[in-house]
Amino acid sequence: MKKDESSKFFNRELSWIEFNKRVLDEAFRDGYPLLERFKFLCITSSNFDEFFMVRVASVKRAILKDIEYSCPSKISAENLLEKIAKRTHELVQEQYDFLGNKLLPSLAKEGIKFCTTKNLEDTDISYIKSLFQSEVFSVMTPMKAETSKSALSFVNLQLYVAFWLRDGEGETHLAVAPIPSSLNRFYELPSDEGVKRLILLEDIIKMCGNQLFPGYEILEDCAFRVTKDMDLSVDEDDDKDFLRAMREVLIHREKSFPIRLEINKDSKSIREKLVELLEISQQAVYDIDGILDLKSLFSLSFFPGYPNLKLSQWSPCQPRDLMDEPDIFKAVKEKDILLHHPYEKFDPVIEMVQKAASDPSVIAIKMTLYRTSGDSPIVNALLKAALNKKEVTVLVELKARFDEGQNIVWAQKLEEVGANVIYGVAELKVHCKFFMVIRREEDKVRRYLHLGTGNYNEKTAEIYGDLALLTSRDDMTYEACLFFNAITGYSTVPNLSLLTMAPTLLKARLLSMIEREIDIVKNGGTAEIIAKSNSISDPEIIKAFYKASNAGVKIKLNIRGVCMLVPGVKGLSENIEVISIVGRFLEHSRIYYFRNNGKEEMFLASADLMTRNLEKRVELMFKVIDRDHCERIKKILQIYFADTLHAHKLLKNGLYERKKFKVNIASQEELYKEAKAYAKNFTSHKGELRVRKKKS
Amino acid sequence: MKKKANIISAVIDIGSSAIRMLIAEESEDPTMKWRPIDSFEKKVELGRDVFHDQEISREGMLESLKILTDFRDILKTWKISPEATQVIGTSALREAHNKDVFIDRVFLRTGFKVRVIEGAEANQLTYTAVQAAMKESWPRFNQANSVIVEVSGGSSEIMLLHRGSVVVSHTFRMGTVRIEQQLKSLPGSVDVVCGIIHDNVEATLDMYEHEYPFKNAHFMVALGGELRSLASKIGERRKSLWEITAKQFRDFRQEVRSSTPQEIAAKFLFSITDAESLNALLTVYSGIFERTTAKTILIPDVSIRDGVLLSLGGRGKVARRKFRNQVIASAKSLGKKYYYDASHSSHVAKMSKLFFDKLKKSHALEERHRVLLEVAAILHDVGTFINESAHHKHSYYIVRNSELFGLNQDDIDVVSHVVRYHRKALPVSSHTEFHSLDWQTRMIIMKLAAILRIADAIDSSHTQRVKVEKASLSGELFAIQCEGKVDLSLEKVSLENKGDLFEEVYGLNISISSGSNRF
């Protein structure tokens, strides 16, 4: 391995952009229903939003503050920023070309039509004016934006309409009006049956702009939005009042520096003025020929009706391990349960929390919450449990990015009803998914444990591919207890064997298991590693994989997003194959499999193979003990590698290519079909009771 | 029928570097194991205060109170009251001059009653825990010769077992916290400190070698948080314990010696402080390991807290019989150390037990006291090692200052005084040690000493020529009948001398007769 170190790694940000390219490519997929393709355009935009305010912000901050941007690919921050801009401009161009030239015209043909200010009829105009008066005008807050200070207080990702005004004395001014987020992004215009005519809120505002600025003449107008640095960290030393410290971060975010300006191509003057006020470089300006902020149009793809424009619904099935015993506690008491979402329902998990809340034999409930839904049934059940005098301990990760505000609200609610709320761990984000119910049963105290790869969020559980394990095994649940005591501050970090915790041991354990495969293959045994993760960016793990590849260990990686590992290079990684699956469900499960000379070991985890996860977060990796479950997960891993529709193969130049085969195999569809086949014989108790009788 | 829920108990252990709590449930299966439900550990450096200033600092006190209050709140979930919680304090608390203040403040604040555990009792609790753990995963252990070692914050415990019974049991003042302090206070390299520790350990072990040769030990069981965490990194998991092979242990020790603490901390994910004292710690374990013929070091997941739980009442006769055997074995081992007259001792012990049983109605003592009497009978003459003259006082001193495995401080008080009063003067007001005991204890001592005195009188020849056939109580007379036709004149004189206490305590006259004729 004499090669230059830098060529052994792809840059993380550039690799991420290629991931978003794969998402965008899903929109271009011929024969795919139109609204589905529109959805992927929205996701591409939403992804870019987060990427800019976190990742690009960190690169830019490195330049501004003159700190080193450390990347094993040894690229400089300036050079990187240029490459990011170049590639993003290309992709955005592709995205909007497709939207304007292909997708919107096709949608119009199907009866969903966006109207612009230019192609309106007189009746529409009077309708719009009255709509503006009745619904919009009162919530508008137009303001002048003539200093850098006022420009820098533009709200992150907020869509604005800018107006180029002239006063009575002939002076020009810039004024902006934020588009109220309390209103719909688009309105329906009266039209014939079977046709939807839509108009965007910003167009309504533009048309009625003169009402906002009486005494001024509107010369030009256009919509824009600014992306700002949101990667601010909280003052970890403020242990006294972490809630307050978090709130301060949320306020400070409003004052951070701009990273990107997206602006419609309608006004040169406004563009010039904004660039000047924001002090933003030309490469960070995205001139958009089309609808800005596609994320807020996401709801369009859920319009009722239009079955021909959508994929058929795959509703989650009854989990195969809960076929015989639908009572979740009884089932887990008998055997371990493996859940595969969203193919299988998430309901049993919610049911478990709800039942526990009112079950008299339940003594304690312990849980970590990272991201959960707005009106979460899980949080509601926890509230109920605390009211029922159960010992409820919840570790709430306030630092879960962009969910902070929401998390603060319900964390306080829980505290008010007597739950023991712990606001995370200093310096670390608690990212593991942990839920435990302790019941005092007739024969003994039994602990019921749920460990998963995905969040306790019933909404994302319908679109994220995740695995979870339910168990009442004494050894594993005891270790889980010790782990939870450690992260809630009641105990020091314990030694565990079935569970492995980051940041203490997870990385070392993974490295030693990779090392073990190397030893095995050197001694003529059978070695193989299969890993599924959202991203891989930890240099030590990557180097260990290279070493294993050189020793002859076969390595298959299924990495949805960022992959800094360079596969298939002779003398470096010829035994490593990397694929990425992008489909209707977001691949989110983390699976680590080691052949171990026949004594196979299978693990599930909350952690990706990123330095961030392995060193800066509290994560859990847990061993799958049940042999049937190991086989089932192995099969899942194999299905992905057999995929010929949604799998992309990573090439040594950092680009991805779709596999081309005659037979079409879509992994997610295969998994759904299988779940459905298992659930076929399941009858719910609603219709009939299944009475158990002695067999004659 | 609805079954009664299992008992759930909690043990809190106030150690020299942390306060720990174990909540466990009495298990269904009769192997006497408690099933852990939850466990907690919070660092508080009491040892650092005590081993340096002989006192628990204000901060240490406040921190401990905070932790104990938290623990009390956790116990509420399980409906375990502070009174029902076993709270023990080990070496740091034992040595703290202000321990009474500490115990009082803990009680006032939390309701916990802290019991300070002496070295020997700590050993016994540890042994009980190890034995139960090994039974499960290493059944051969209970018949084997082995050594049990625990290096904790303030002290090291070492026990040598012959065929499963403890024959040597010691606590010496060498622990991780003390080592850390030495490393800080002694200028110079770690090697120098390790050298000092090495010499110290070796000298101590040489002394123990006299009592039982280490090479006979084929197994080594080690406890202690540091070693367990090491085992999870370099060892392997076997059932419910960790195993480190000789090679793994030696290789690791070599690596520690040739690397900096920083390197070790990074490679094995230790904290820097742990890595710094690792070398010294390994010196202790290694000193012991290399003397044995063990091939591996076994590290079960147990601690003194499990021992406390297992020693809680109601665990059946098996445990008690085991307890007796252990205590007797260690008493004999102590006797051997002082070249005791084994035949005389066991003869006297046998008679004492017989008399104890026959007098049950008169003394109303418990089974436990019978064991204490037996121990006193075994050890009553060990003082002759120093001098025949006033040997009862020497015996008293030896028993008081030796570690008798399985006996707590109260037991030692009883045994040492029974030994003290096995001959010569009876308690008088100038015997302050005796009078500092409560009256119940004093009565127990008198009742046991009275029996020991007559048993000793009967073998006053130290030849065991007089064998008691039976003893019986009728009215005011305690009649002892001997086997065969023997001349009992010497014994009678002796009885007259030493029966005084008996007559006083029990209000009985003694008669002794041989098989056929009555003299």
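Analyst: A salt bridge here is a side-chain nitrogen of Lys or Arg within 4 Å of a carboxyl oxygen of Asp or Glu. Please keep in mind that this is a predicted model.

User: OK, on to the interface. How many residues of chain B are in contact with chain A?

Analyst: There are 30 residues of chain B in contact with 25 residues of chain A, and between them the two chains bury about 2300 Å², with 51% of that area on carbon and sulfur atoms.

User: How many salt bridges are found across the interface of chain B and chain A?

Analyst: The rule finds two across that interface. A:Lys366 and B:Asp38 form a salt bridge through their side chains, at 3.2 Å from N to O. As for polar contacts between chain B and chain A, the count is 11 residue pairs, with both residues at pLDDT 80 or more.

User: Which elements of chain B each supply at least two residues of the side that touches chain A?

Analyst: Those elements are β2 (18-26), β3 (34-43), α2 (58-77) and α8 (225-234) of chain B, and the largest share, nine residues, comes from β3(B). By residue class, the side of chain B that touches chain A divides into 14 charged, 11 nonpolar and five polar residues.

User: Switching topic: what domains does the assignment give for chain B?

Analyst: The assignment for chain B gives domain 1 (8-117), domain 2 (120-309) and domain 3 (317-513). The centres of domain 1 and domain 3 of chain B, taken over C-alpha atoms, are separated by 37 Å.

User: Last one. In which sense do β13 and β14 of chain B pair, parallel or antiparallel?

Analyst: Strand β13 (residues 468-474) and strand β14 (residues 477-482) of chain B pair in the antiparallel sense over six bridges. The two strands form a hairpin with two residues between them, and B:Gly475 in the turn has a positive phi of about 60°, while B:Ser474 stands opposite B:Leu477 in β14(B).

Note on methods: Residues are numbered from 1 along each chain as its sequence is written. Chains are lettered from A and ligands numbered from 1 in the order in which they are written. This is a predicted model: local features need pLDDT of at least 70, side-chain atom pairs count only at pLDDT 80 or more; totals for chains, interfaces and linings use all residues. Side-chain values use heavy atoms; hydrogens and water are left out. Contact means heavy atoms within 4.5 Å. Buried area is the accessible area (1.4 Å probe) that two parts lose on being put together, summed over both. A polar contact is a pair of N or O atoms within 3.5 Å; within protein, one must be able to donate a hydrogen and the other to accept it, and residues adjacent in sequence count only if both atoms are side-chain atoms. Helices (H or I, at least four residues) and strands (E, at least two) are DSSP runs, numbered from the N terminus. Ala, Val, Leu, Ile, Met, Phe, Trp, Tyr, Cys and Pro count as nonpolar, Asp, Glu, Lys and Arg as charged, and the others, Gly among them, as polar. Two strands pair if DSSP finds at least two bridges between them. Domain bounds come from an automatic or database domain assignment.
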